[in-house]
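Subject: Structure for you

Hello,

Here is the structure I promised. Please open it alongside this note.

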Amino acid sequence: MSDVNFDNFLSCAAGIENRKLPPVDQWNPEFCGDIDIRIARNGSWYHEGRPFLRPSLVRLLSSILKREGDDYFLVSPVEKMRIQVEDVPFIAVGMTQEEADGKQILYFRTLTDDLVRLDAEHPLRVQTDSLSGEPRPYIQVRGGMEARIHRPVFYELVERGREVIRQGVPYLIIESAGQQFDLGRL
């Protein structure tokens with residue numbers, strides 16, 4: 001890891017905390033190096049092996065997170081630092097439903113307080129864990145970044161699902177915003 005001054009980066013990025021989401025897709029600063037920040041599989045953030053204790057700082061940093069290929073970066077208009085992400089950067093920990101024009105719309109809330117609408121732009125996918133065989137559901141959040149749906153939320157989603165038959169095979173689906181999303185074979 002290169003020696004990047006995290007405090008300088010924070011001072012530059014701090015001014016964006018009050019905005020909804022900064023235009024990180026428009027920021028293309030020079031790569032400054034790797035920084036010892038890691039997002040664990042459970043959604044916890046660590047700096048130099050120590051957990052972040054301020055949720056507001058995690059929310060700030062998550063708002064300036066950018067994905068390029070398989071790498072994740074914290075970016076500001078003038079700096080770009082690579083961080084480590086064990087699975088995906090977000091965890092969906094809550095779900096709510098609303099009705100609009102007679103259609104069900106599901107919204108997911110992440111640990112970093114992002115609110116994501118399940119729709120064509122933010123699809124759901126379910127991957128099977130190669131070791132356990134358990135389903136691992138994900139929803140697209142933004143900029144090619146996903147949130148893994150926390151197991152209790154996935155159970156709630158399954159309870160709302162309905163069975164359909166495709167070529168003689170039963171599947172469980174969920175509908176949101178006029179779209180259908182597969183939850184898996186039954």
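Below is what I found in it.

This is a predicted model: local features need pLDDT of at least 70, side-chain atom pairs count only at pLDDT 80 or more, and totals for chains, interfaces and linings use all residues. Residues are numbered from 1 along each chain as its sequence is written, and side-chain values use heavy atoms, with hydrogens and water left out.

Overall picture. The protein chain has three helices and 15 strands (DSSP runs, H or I of at least four residues and E of at least two, numbered from the N terminus). It has 186 residues, and 45% of them count as buried (under 20% relative accessible area, 1.4 Å probe, protein chains only).

The sheet. Six strands make an open sheet with mixed pairing, in the order E3-E2-E1-E6-E5-E4. Two strands pair if DSSP finds at least two bridges between them. Strands E3 (50–51) and E4 (65–68) are the edges, each pairing on one side only. Strand E5 (residues 71–75) runs antiparallel to strand E6 (residues 80–85), with four bridges. Leu 74 sits opposite Met 81 in E6.

His 122. This residue is in the loop between strand E9 (115–117) and strand E10 (124–128). His 122 counts as buried because its relative accessibility is 16%. A polar atom of its side chain lies 3.4 Å from the backbone oxygen of Val 141. Leaving aside residues up to four places away in sequence, His 122 touches Val 116, Arg 117, Ile 139, Gln 140 and Val 141 (contact means heavy atoms within 4.5 Å).

Best wishes

Methods
Buried means under 20% relative accessible area, exposed over 50%, partly exposed in between (1.4 Å probe, protein chains only). A polar contact is a pair of N or O atoms within 3.5 Å; within protein, one must be able to donate a hydrogen and the other to accept it, and residues adjacent in sequence count only if both atoms are side-chain atoms.
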